[in-house]
Amino acid sequence: MILEEREYRLVPGSTGRYLDAWQRLGRVPQTRHLGEPVGVYTVEIGDLNTLIYLWRFTDLADRADRRWALADDAEFAVFRQEVRGLLVSQSNRILLPAPQMAVGSGR
């Protein structure tokens with residue numbers, strides 16, 4: 001299993017508008033292709049006006065297949081168009097599970 005962390009820096013003061021648009025236009029097509037997010041978070045301390053999604057995938061191939069399907073979804077394209085002007089930047093990271101370490105192994 002892998003997690004994808006997608007971070008969106010938003011125009012100051014637009015987090016509420018983005019999340020409203022996501023609930024109205026983006027959530028249904030996203031969950032149709034990606035499943036339920038592990039979490040959707042806003043930042044309270046640090047880089048404000050930041051929104052973070054965490055998505056779970058079996059592996060990189062599973063992620064690629066589901067992301068391609070989402071990119072081809074016309075309903076999701078409406079959401080992207082709605083929020084495009086609210087985005088300052090975006091980035092993503094793939095998180096891999098850390099190897100299990102035995103307690104007291106000294107590692």
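## Burial and surface

In this predicted model, 34% of the chain's 107 residues count as buried. The chain exposes about 6,900 Å², and 54% of that area is supplied by carbon and sulfur atoms.

## Fold outline

Let's walk along the chain. It holds three helices and four strands, and from the N terminus on these elements follow the order β-α-β-β-α-α-β. The C-alpha trace spans about 50 × 35 × 20 Å along its principal axes.

How much of the contact set with a separation of 6 or more comes from residues 24 or more positions apart? Such pairs account for 73% of those contacts in the chain.

## A closer look at Asn49

One residue deserves a stop of its own. Where does Asn49 lie? You will find Asn49 in the loop between strand S2 (39–42) and strand S3 (50–57).

The backbone here is the point of interest. Most residues other than glycine have a negative phi. Asn49, which is not a glycine, has a positive phi, near 60°.

Notes. Residues numbered from 1 in each chain as written. Predicted model: local features only at pLDDT ≥ 70, side-chain atom pairs only at ≥ 80, totals over all residues. Heavy atoms only, no water. Helix = DSSP H or I, 4+ residues; strand = E, 2+ residues; numbered from the N terminus. Buried < 20%, exposed > 50% of the residue type's maximum accessible area, 1.4 Å probe, protein only. Contact = heavy atoms within 4.5 Å. Areas by Shrake-Rupley, 256 points an atom, 1.4 Å probe, with all protein chains shown as cover.
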